[in-house]
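I opened my notebook to look at one structure, strand by strand.

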Amino acid sequence: MSDEKTEALEVWIDQDLCTGDGICVQYAPEVFELDIDGLAYVKGEDDELRQSPGATVPVPVTLLQDIVDSARECPGDCIHVRRSADRVEVYGPDAP
Ligand code: SF4
């Protein structure tokens, strides 16, 4: 893994595209959760869902692979992982 990708990362979900299938929750239930509206949201260490549009939570290093797999498998292409420092997407539909 390159240095670039070991920097602090954060993840957010575009709920407008979420299909509610819950694949992300299967991969990383520590960070993703389906709410009663049937859509997935990111979740902080306090276990609270972040429901404002574009809200992010930090990516714990130990969960990086699970979160990257979620982004790859997400049928809505709506899981975005970006560098915290400059908000450049490193995994997800807008990654280079
Ligand atoms: S995998 Fe993607 S489409 Fe499926 S619930 Fe999670 S965010 Fe929504």
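**Ground rules.** I noted that this is a predicted model, where local features need pLDDT of at least 70, side-chain atom pairs count only at pLDDT 80 or more, and totals for chains, interfaces and linings use all residues. Residues are numbered from 1 along each chain as its sequence is written, and side-chain values use heavy atoms, with hydrogens and water left out.

**Sheet of three.** I looked up strands, which are DSSP runs (E, at least two residues) numbered from the N terminus. Two of them pair if DSSP finds at least two bridges between them. I found three strands in an open sheet, ordered β2-β3-β4 with antiparallel pairing. Its edges are β2 (32–34) and β4 (49–50), each pairing on one side only. Three bridges join β2 to β3 (residues 40–43), and Glu 33 stands opposite Tyr 41 in β3.

**Sheet of four.** I then traced an open sheet in the order β5-β1-β6-β7, again antiparallel. Here β5 (57–58) and β7 (89–91) are the edge strands. Five bridges link β1 (residues 9–13) with β6 (residues 79–83), and I saw Trp 12 opposite His 80 in β6.

**Ligand.** Which residues come nearest to the ligand? I listed Cys 18, Asp 21, Gly 22, Cys 24 and Cys 74, out of 14 residues around the ligand (near means a heavy atom within 4 Å). By class, I noted nine nonpolar, four polar and one charged residues in the shell; Cys counts as nonpolar, Asp as charged and Gly as polar.
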